[in-house]
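Colleague: I am new to this model. Please take one part of it and go through it closely, in plain terms.

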Amino acid sequence: MATEKSSANKTATLFSPYKLGRFNLSHRIVLAPMTRCRALNGIPGAGLVEYYKQRATEGGFLITEGTSVSPTAAGFPHVPGIYTKEQIIAWKKVVEAVHAKGSVIFCQLWHVGRASNQVYQPGGTGAPISSTNKPVSSRWKILMPDGTYGNYSLPRPLPTDEIADVVQHYRQAALNAIEAGFDGIEIHSAHGYLIDQFLKDGINERTDEYGGSLTNRCKFLTQIVQAVAAAIGPDRVGVRISPAIDHLDAMDSDPLNLGLSVIKNLNKLQQDFGAKLAYLHVTQPRYTAYGQTESGRHGTEEEETRMMRTWRRAYEGTFICSGGFTRELGVEALANGDADLVSYGRLFISNPDLVLRFKVNAPLNRYIRSTFYTQDPIVGYTDYPFLNQENGKYVRSRL
């Protein structure tokens, strides 16, 4: 099946239509989930409405920034949540604006686990939860509410009997997302956050049923997918993983087989459901900390490509790739059958009309990294210029 899928995808381009489960997409360019720190006090406001509306297109597909599933889930200032009634109501305005432009939008469900600080925990006290009691090393720094950078706090390993409560938080967050009008959700299981802390043997040193073997380390993710899919339907559930990424010390001794183990479990769940999940979203190994790109972190670029292709062939469903893609790399990935869809992050930050720019092969705005995580609702967020068509030529619009 996977071989036929790859072969059939040979003629795909960035602007080939695609059927994503129940959704009909007009192109293959996806807005990747990206933390932007603009939801003051965890509530999506007018800035988020405008930001997502700007990037919505007819038949497009957007994935929101990581959205906290519970009060203990945050590790950045002013990230949105999806666990209170006020948050649900606020997200409805975002979803309505996106739907009005004809786009599909999924909410990324997020718990950072140990990638937090006590200041982000309820009451400003208490240890962040994780699979382990090992903190993120001092190599990494956490953005604090005052804009400075600090150290990650010592985490509290989740007792076995508390894991079901966290699974329930994901399930309820998914239901809340559907109530807000989202078309589906993505389970963030990548980049060193909570679920990845269970998956990676460089972090997970548990001796209970959630540690040790690949099967055990995948159990937490499997239970979350089961619970969420049962609540809202498998075809509304996407999963994001990054087996070969070492962000926040999330290293594994055998990333290839970790990815294959996760995929084996997801394929089995799809068989049990009698329905496909929406997609699997995998980050390229070239993605590194703070958004840089670098080949060779887990081997040569050729080895990394082979690993991604192995996962792509193994997964029985829609495969999204992300991580440092340009227009040319996206074209190549689709033409080679390496993915069904390609998600873009930083280029979409600075080019709200990225889909149009790619279509006409127009120049791109350069992103300003220093404004990625500020709280300004406009600067570095919704003030990047568009292209306007005048007399058949595309020029920068005046904002």
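Modeller: Axes here are lines fitted to C-alpha atoms, for helices over the stretch in contact, with angles from 0 to 180 degrees between N-to-C directions. Helices (H or I, at least four residues) and strands (E, at least two) are DSSP runs numbered from the N terminus. The model is predicted, so local features need pLDDT of at least 70 and side-chain atom pairs pLDDT 80 or more, while totals for chains, interfaces and linings use all residues. Residues are numbered from 1 along each chain as its sequence is written, and side-chain values use heavy atoms, without hydrogens or water.

Start with helix H2, residues 46–54, whose axis runs 9 Å from that of H3, at an angle of about 25°. H2 and H3 are therefore roughly parallel (under 35 degrees; over 145 is roughly antiparallel, 65 to 115 roughly perpendicular, the rest oblique). On the H2 side, the contact (heavy atoms within 4.5 Å) is made by Leu48, Val49, Tyr52 and Lys53. H3 contributes Trp91, Lys93, Val94, Ala97 and Val98.

The structure has 16 aromatic pairs (Phe, Tyr or six-membered Trp rings with centres within 6.5 Å; planes under 30 degrees apart are stacked, over 60 edge-to-face, the rest tilted). The ring centres of Phe76 and Trp110 are 5.9 Å apart and the planes meet at 35°, so this pair is tilted. Phe76 and Trp110 are both buried (under 20% relative accessible area; exposed is over 50%, partly exposed in between; 1.4 Å probe, protein chains only).

Phe372 and Tyr373 form another pair: with centres 6.2 Å apart and planes at 85°, the two rings sit edge-to-face. Phe372 has 5% relative accessibility and counts as buried, whereas Tyr373, at 34%, is partly exposed. Both pairs fall in one aromatic cluster, made up of Phe76, Trp110, Tyr193, Tyr367, Phe372 and Tyr373.

Leu248 is buried, with a relative accessible area of 2%.
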